[in-house]
Amino acid sequence: MARVPVIGRLFWFEYFALFGSLILVLLEWVIHIITFCLPEPIIKFCYERSKTIFNLFITPERSEKQDKKERLAKEVSEASDFADICSAFGYEAEEHIVQTGDGYLLGLHRLANRKGEESQTVNQGEGSVKKKVVYLHHGLMMCSEVWVCLTEEERCLPFQLVERGYDVWLGNNRGNKYSKKSIRYSPLSNEFWDFSIDNFAFHDIPDSIDYILELTGQPSLSYIGFSQGTAQAFATLSINPRLNQKVDVFVALAPAMAPARISSPVVDSLMKASPNFIFLLFGRRSILSSTTMWQTILYPPIFMRIIDTSLSFLFNWKCKNISRAQKLAGYAHLFSFTSTKSVVHWFQIIRNKNFQFYDDEIYAPFSIVASERFYKPVKYPTRNIKTPIVLLYGGSDSLVDINVMQKELPRGTIAKEIPKYEHLDFLWANDVSELVFGHVFEALDRYSSNKGLETKSVGQVNGIQDATA
């Protein structure tokens with residue numbers, strides 16, 4: 001079947017889906033501009049009316065226990081930042097700033113002490129308590145808040161790591177809520193948002209790790225990534241041989257390196273389109289920045305249903321393993337800013353089935369077919385990784401093709417399936433502490449090189465049992 005070479009690599013019938021996506025984006029922009037101009041009283045009025053309409057048609061029956069969970073969910077959802085969420089559970093968070101080699105200022109969060117031990121000095125020179133360091137990194141269009149915005153302390157991985165005696169650090173990508181600053185560019189400029197996974201790999205991850213190790217005086221740390229946070233680790237470890245000596249184990253939750261095709265025909269058509277068309281559609285700065293506007297004017301249960309519907313439409317996820325209270329708490333902190341270029345980079349990876357560097361798609365001035373014989377995007381050499389890797393993936397996660405991924409990783413990589421788990425379940429599922437945490441703790445205990453430092457073994461904290469492979 002012939003393709004129409006006007007916008008990109010599309011069949012003629014895929015232009016209808018592309019046209020539909022264009023209409024939706026334009027409509028969203030119009031509503032965003034109108035709402036941006038509205039005064040606060042009108043925004044509050046819209047919020048109250050959406051709440052009234054929702055409660056008029058839907059009145060779910062709830063027990064006293066469910067009401068208690070939803071009260072906590074409301075407190076977490078309304079928390080303004082990472083420190084406030086941690087404070088709701090009795091933990092004291094530190095905030096740090098690291099400057100990357102290319103001038104971006106990244107926010108780092110730290111949980112160093114168990115509850116009641118806030119006065120204790122950790123990894124700060126002689127006389128301080130020495131602890132193993134663990135670093136956690138979030139996914140695409142997220143920030144560090146997604147790790148802690150849970151409704152139960154027992155299901156929060158950072159809190160459980162702290163209680164086990166780890167010095168826990170959480171990173172943030174350039175451009176998100178905690179990293180929207182540069183010494184060179186204003187976030188209002190296109191130059192500020194001119195970044196992709198390549199920049200995370202060359203600067204954000206290695207510079208954050210170097211800062212943490214220098215401050216704590218530890219020779220290495222353990223890395224736990226979620227979704228794109230795993231892709232960034234795959235990328236940076238493959239091109240930084242010395243970094244492999246600083247990361248003693250890499251635990252990949254819902255690993256993202258070779259995603260399968262996206263089920264939505266609209267998104268699939270966007271993925272196949274030319275990057276220039278995507279930039280024309282979404283601009284060259286932050287993508288979907290109006291999401292925060294929708295959170296402001298919509299009653300949270302309505303916003304929750306919109307997110308559920310969107311995830312089902314885009315990825316065929318049902319989110320049945322995540323409770324209603326957890327969705328109310330988590331969805332409020334799910335979105336953070338990233339560049340359109342980062343999303344375009346993912347489209348290139350999915351389209352080419354190749355974990356590659358960003359492709360500027362500059363071809364010879366003749367036919368594209370002829371140019372492809374002499375031009376190929378540079379691939380991340382992931383087989384070069386020396387750090388031990390443990391993959392924890394969901395059996396129902398449409399974004400993970402574990403067979404393709406394992407072919408591109410070093411021999412000895414461990415892969416463990418969590419049946420019936422989807423992507424977000426690794427953050428917020430009802431039984432994440434029972435099905436996932438044991439594997440994480442086992443990997444940290446087995447591969448961590450900082451022997452003799454203060455930690456607790458698997459199963460010692462809060463009655464958590466070892467997970468079976």
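Select glutamine 124 to begin: at 39% relative accessibility it counts as partly exposed, a class lying between buried, under 20% relative accessible area, and exposed, over 50%, with a 1.4 Å probe and protein chains only. The model is a predicted one, in which local features need pLDDT of at least 70 and side-chain atom pairs count only at pLDDT 80 or more, while totals for chains, interfaces and linings use all residues. Residues are numbered from 1 along each chain as its sequence is written, and side-chain values use heavy atoms, with hydrogens and water left out.

Glutamine 124 sits in the loop between strand 2 (105-111) and strand 3 (133-137), where helices (H or I, at least four residues) and strands (E, at least two) are DSSP runs numbered from the N terminus. Leaving aside residues up to four places away in sequence, glutamine 124 touches Arg110 and Leu215, contact meaning heavy atoms within 4.5 Å.

Next, display helix 6 (residues 197-216) together with helix 7 (residues 228-239), which pack at an angle of about 80 degrees with their axes 9 Å apart; axes are lines fitted to C-alpha atoms, for helices over the stretch in contact, and angles run from 0 to 180 degrees between N-to-C directions. Helix 6 and helix 7 are therefore roughly perpendicular to each other, the class for angles of 65 to 115 degrees, whereas those under 35 count as roughly parallel, those over 145 as roughly antiparallel and the rest as oblique. To see the contact, show side chains including Phe200, Phe202 and Ile205 in helix 6, and Gln232 and Ile239 among those they meet in helix 7.

Move on to strand 6 (residues 247-253), which is mostly covered, with seven of its seven residues buried. Six bridges join strand 5 (residues 221-226) to strand 6, and the two run parallel; strands pair if DSSP finds at least two bridges between them. Here isoleucine 224 has valine 251 in strand 6 as its bridge partner. Strand 6 is also joined by four bridges to strand 7 (residues 389-394), again running parallel, and leucine 253 stands opposite leucine 392 in strand 7.

Finally, select helix 10 (residues 275-282) and helix 14 (residues 340-352), packed at an angle of about 145 degrees with axes 10 Å apart. Pro275, Ile278, Phe279 and Phe282 in helix 10 meet Thr340, Lys341, Val344, Phe347 and Gln348 in helix 14.
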